[in-house]
Amino acid sequence: MSTKEILTTSGAVPRDEALASLQQLTDAALAWLPQDELLSELLVRVTEILRADTAAILLLDDEQPLLRARAAKGIEEEVEQGVTIPLGKGFAGRIAAERRAIVIDDVDHADILNPILRDKGIRSLVGVPLLIEGRVLGVLHVGSLRPRRFSAEETDLLQLAADRAALTIDNAALYEQRRVAESLQRQLLPNMQRIPGVELAARYLPASRDTLGGDWFDAFALPGGRVALAVGDVVGHGVGAAASMAQLRAALRAYATDGHRPSEVVARLNRLMWQLGPRSMTTLSYAVLDLEAERVEHVCAGHPPPLLLEPGGEGRYLDVKPNVPLATVPGSWYESTVHHVPTGATLVLYTDGLVERRGEVIDEGLERLRVTAAAVDGGVDPLCACLASKLVARTRADDVAMIALRVPPPPKEIDGSWPAEHATLAEIRHLLRRWLRGRGASEEEAYDITVACQEACANAVEHAYGPGAHSFSLQGRFEDGRVSLTVRDGGRWRAPRGQHRGRGLMLMRRLMDDVDVEHGDDGTVVVLERTLAGAEARA
Amino acid sequence: MSSLARIVVEQHGAFPVVAIEGEVDASNATEISRSIDAALSNHSIALVVDLTETGYLDSAGINLLFALGARLRDRQQRLLLVVDPASPVARIVAISGLAVAERTEETRAAALEQAHAGL
């Protein structure tokens, strides 16, 4: 018997048995293992099939031309020490670069870069590339501590195992990428918080489940009963675009909350993008709505214009002033435009994915959006749902983000209940001012009556300590030119303490024609009345 | 700081100028009061509180300004208020008697002039 025959026989595995074992590599049960466990299991099976002593999987790095030890059996140090092998160098590096199997009968006389292989006393090696659709994912190699010549048949078997492994690794990578993408995207998009005085709805439809998009939207309250709306589109996809989007969204909120005017907010965002470096061009539509003034200030940075839907109207696009997109001109300044947004109207901001279709000019898409949106009846959420189903294709090349805001008209009469918390005061204040203005109160009257009512509300909040007294109600009526406001709570009226609370009562009396405070065991009722001057003049 | 208002502090020589931009009510008065105190030092002879950009003020804010004036007097420091007669808060400052208790000027420049004159 020749040496070659001895060596070969010692490593032989019945082919049928080997194939059956390889089939198991794609077991459904295996597919659900986390990637690390999956690879370990693969190596165990491969060493069993080939009766080898060591096995390792090295995967190609995403960014650099090198292989990184990812899983190992018998040579676990490879992974622990984070061994990397340059592409094209050494045993594994050559397999990946040349996309072919390499067999080494005698390690002592071969070009081996990785000292761990020698230190372990590995005598013979065979390695094959992990290929998927012609792409190299990495390298799978097995080793023997005894001198051995891996046959062509064994090399083929290893390649078969590698092909199955590659498929599984690629699927796992895709699954992992999808999981990360979905969770990241969820984190990055805002939870739509309720903003007092407006109705809001939004949709985000990524181009595909596997990639992160660069589209985003945001909505938040600003001081003075104003609401900020933003929709942006970072060109490109993937982690870079998503990270850029997250930075921009946070920075926009910060600049806006710091009190900067809309044009300044956008100019600062542009400067920030130049500072942060590597930049992706970004388009942005930023609007700040003043509910009381029924006015929106808008800045357009290379973005399609907002759609305004007035009750019963045909819908029209705001005549915005176009500015350059962000990250295109350093130090650029941005001009805003101001538009009338009447009570009852709906404003829609969106990204170009909603209006762009291959092979058609954008005007057609804009017209389609306008006609579709104008035909929807019944609130912002049905509107977004309708636009998403009618205008967004199942398979799309681009993300779509949209946000719709409606300013509902103030009610004819106020009748509401609020939690006994100071934070509700601002909400009531803005509702009250809009309601009073709607009833024909002058600016000064609206201010006076609001202050007086807030005093009563603040009182209700402050003495709402007893059980069952955690809310208060406000009713507002307007009859024959006279405003009547009733604040009710379930708490016990606290006698004026010091001059501070006395000051609140004094203000109420000075600001209103009549102030009536009744307190009983089950609560306090404050009735405030004042006749509007305009009403007297009309009478 | 709540999103209702923000405090902008500028130092004009020995005089801190604190502008209250936004709305003051019972929900943020304590916070604003603390921010104003933080702008003060023992070396400040006078403090200017600028209400030009204050959109809303009720008794919570009025109380805080009365209390601030009293604290400053105890420390031999002066409070100067800037109230634009056309601003929405001008009436409440007048009705509450705050304009009687504290020195009030129509512009920041006038308030600073007064502060310097008091040196």
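Colleague: Which residue stands opposite A:Arg68?

Modeller: A:Arg68 stands opposite A:Thr84, which belongs to strand 3 of chain A. This is a predicted model, in which local features need pLDDT of at least 70, side-chain atom pairs count only at pLDDT 80 or more, and totals for chains, interfaces and linings use all residues. Residues are numbered from 1 along each chain as its sequence is written, chains are lettered from A and ligands numbered from 1 in the order in which they are written, and side-chain values use heavy atoms, with hydrogens and water left out.

Colleague: Why are strand 3 and strand 4 of chain A said to stand at the edges?

Modeller: The open sheet of chain A has six strands in the order 3-2-1-6-5-4, with antiparallel pairing. Strand 3 (84–86) and strand 4 (102–104) each have a single partner strand, so one side of each is left without a neighbour in the sheet.

Colleague: Why is the aromatic pair called tilted?

Modeller: Rings of Phe, Tyr and Trp (its six-membered ring) pair if their centres lie within 6.5 Å; planes under 30 degrees apart count as stacked, over 60 as edge-to-face and the rest as tilted. A search of the whole structure finds one such pair over all chains. The ring centres of A:Tyr447 and B:Tyr56 are 5.7 Å apart and the planes stand at 50°, so the pair is tilted. The pair crosses between chains, from helix 14 (residues 443–462) of chain A to strand 4 (residues 54–57) of chain B.

Colleague: Are these two tyrosines buried or exposed?

Modeller: A:Tyr447 and B:Tyr56 are both buried, which means under 20% relative accessible area, against over 50% for exposed and partly exposed in between (1.4 Å probe, protein chains only).

Colleague: What sits over the ring of B:Tyr56?

Modeller: The charged end of A:Arg429 does, 4.1 Å from the ring centre. The criterion is NZ of Lys or CZ of Arg within 6 Å of the ring centre and within 35 degrees of the ring normal. The charged end of A:Arg503 likewise sits over the ring of B:Phe66, 3.7 Å from its centre.

Terms used: Helix = DSSP H or I, 4+ residues; strand = E, 2+ residues; numbered from the N terminus. Pairing = 2+ DSSP bridges.
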